[in-house]
Amino acid sequence: MFSIFYESISGVLVIMVMIALGYVLTVRGWFNDYASRLIARLVTQIALPAYMIFTITGQFSADKLKSTLPDLRFPVVSMLILYALAMAAYRLFRIQKSHKGLFESMFLNSNTVFVGLPVNMALFGPKSLPYVLVYYMANTTFFWTLGVYLIQKDGTSGQKFDLWQTVKKIFSPPLLGFMVGVVLVLLRIQLPKFLMEDFQYVGDLTIPLSMIFIGIAIANVGLNHLTLNRANVAILLGRFLIAPIVMALLVLPTGMPLLMKQVFIMQSAMPVMTNAPVVAKLYGADANFAAIMVTETTLLSLIVIPILMVLLKSFT
C-alpha cells in the first residue's frame, strides 16, 4: 500500500514541479495573457495533434482499436448521469440562478487534456494513452455541445449558441489528430520514419507546456481569490467524489481491461475544464467564478489524485 501511495505522490510531484514553474515565472513577469494564449494554442493546435498521431499509430493495432472504441459508451453514459445529478445538485445546494448553466457544465465536464493526460501518463505510462483518448472524445463532445449551451444560457452578452462554431470546436485539432491516427491504423498505413520522429519531438511538448499553462492560469487568478461557498463545495464534490463513484459503478462490474477501468475513473475525477472561463467570458457569464473553480479544482486534484490512485489499486 505504501509503495502505491509513494508511486502516486511521485507522479503528482512531477506534475507539481512543472505547474510551480509556470506559476513562479508568471509571478516574476515572464508570462502575460498573450503568452498564456500562445501556449494554449501550441498545445491544442500543434503539439497535441502530433502527439495523438504518433502515439495512436505506435500503441494501437487495428484489432485493438476496433475492440477499444465501443467502450466510448461508458464515459458517455457517465456524463449523462452526471448531468442529471448536476441539475439535482443545483436545487439541493440552492445555487444562484445566474450560475445555473455554468455550475452544471463544470459539474459534469473534466479537464482531460491539460491535467488528465499528464496525470495518466505519469501514473500509468504511455500504455494508458489509448484509453485517455477514448475518454477525451466523449468529454470534448459533451463540453462543446451541452456544456457550452448551458454556459450560454447564463450569459448576458447577447451572443447566441452557434451550431457551426460548436461543430468546429468539437472537430478541433486534437480530435482531428486522433481521427487521422485511427485512419492510419485501420488502413495499415505507415508514415515515413522522419515524419514520425517529427511528430514525436513536437508531441513531447504537450505535457510540459500543459502544466506550465496551468501554473500561469493559477497565478493569473491569484490564490487570494479562492473561496468556499455552497456552489464551490458542490462542484468539488461533483468532480472528486460523485463523478468517480458514478464511473466506478459503471466500469468495475465489466470485463474491460483493468487499466481502462483505472484510466476512466481517474479521468472522470479531473478538475474543471480550462476552457470554461473562456467560454463564460465569451457569452457574458461569470468568468471569474469559472476561473476560481478551475484553480480550486486543479489545486485540490493534487491531493485527490494520490488518494484515488491508492483506492483504485485496492479495489481493482
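I took helices (H or I, at least four residues) and strands (E, at least two) as DSSP runs, numbered from the N terminus. The model is predicted, and I required pLDDT of at least 70 for local features and pLDDT 80 or more for side-chain atom pairs, while totals for chains, interfaces and linings use all residues. Residues are numbered from 1 along each chain as its sequence is written, and side-chain values use heavy atoms, with hydrogens and water left out.

**Entry 1: positive phi**

I began with backbone angles. Most residues other than glycine have a negative phi, and most peptide bonds are trans. Arg188 is not a glycine, yet I found its phi positive, at about 55 degrees. Arg188 sits in the loop between helix H9 (173–186) and helix H10 (193–203). I classed side chains by relative accessible area: buried under 20%, exposed over 50%, partly exposed in between (1.4 Å probe, protein chains only). At 61%, Arg188 is exposed. Arg94 also has a positive phi, near 50 degrees. I located Arg94 in the loop between H4 and H5, and its relative accessible area of 60% makes it exposed.

**Entry 2: salt bridges**

I searched the whole structure for salt bridges (a side-chain nitrogen of Lys or Arg within 4 Å of a carboxyl oxygen of Asp or Glu). The search returned 2. Glu104 and Lys100 form one of them, at 3.0 Å from N to O. Both residues belong to helix H5 (residues 100–108) and are 4 residues apart, about one turn of the helix. Glu104 is buried at 0% relative accessibility, whereas Lys100 is partly exposed at 23%. Arg73 and Asp71 form a salt bridge as well, with 3.7 Å between the closest N and O atoms. Here I noted Arg73 as partly exposed at 46% and Asp71 as buried at 10%.

**Entry 3: nonpolar cores**

I next looked up the nonpolar cores, each a set of buried Ala, Val, Leu, Ile, Met, Phe, Trp, Tyr and Cys residues joined through side-chain atoms within 4.5 Å. The largest has 99 residues, and Phe103, Met106, Val119, Phe178, Ile214, Phe264 and Met266 touch the most other members. Helix H7 (residues 129–154) supplies the largest share of this core, 16 residues. Apart from it I found another core of 5 residues, including Ala50, Ile53, Leu184 and Phe199.

I then listed contacts (heavy atoms within 4.5 Å). Leaving aside neighbours within four places in sequence, Met266 is in contact with Val119, Asn120, Leu123, Ile305, Leu308, Met309 and Leu312.

I fitted axes as lines to C-alpha atoms, for helices over the stretch in contact, with angles from 0 to 180 degrees between N-to-C directions. Angles under 35 degrees count as roughly parallel, over 145 as roughly antiparallel, 65 to 115 as roughly perpendicular and the rest as oblique.

The axes of helix H4 (residues 73–92) and H7 come within 9 Å and cross at roughly 30 degrees. H4 is therefore roughly parallel to H7. From H4, Pro75, Val76, Met79, Leu80 and Tyr83 meet Tyr135, Ala138, Asn139, Phe142, Leu146 and Leu150 in H7.

For H7 and helix H14 (residues 276–283), I noted axes that come within 9 Å and cross at roughly 45 degrees. H7 is therefore oblique to H14. In this pair, Phe143, Trp144, Val148, Ile151 and Gln152 of H7 meet Ala276, Val279, Ala280 and Tyr283 of H14.
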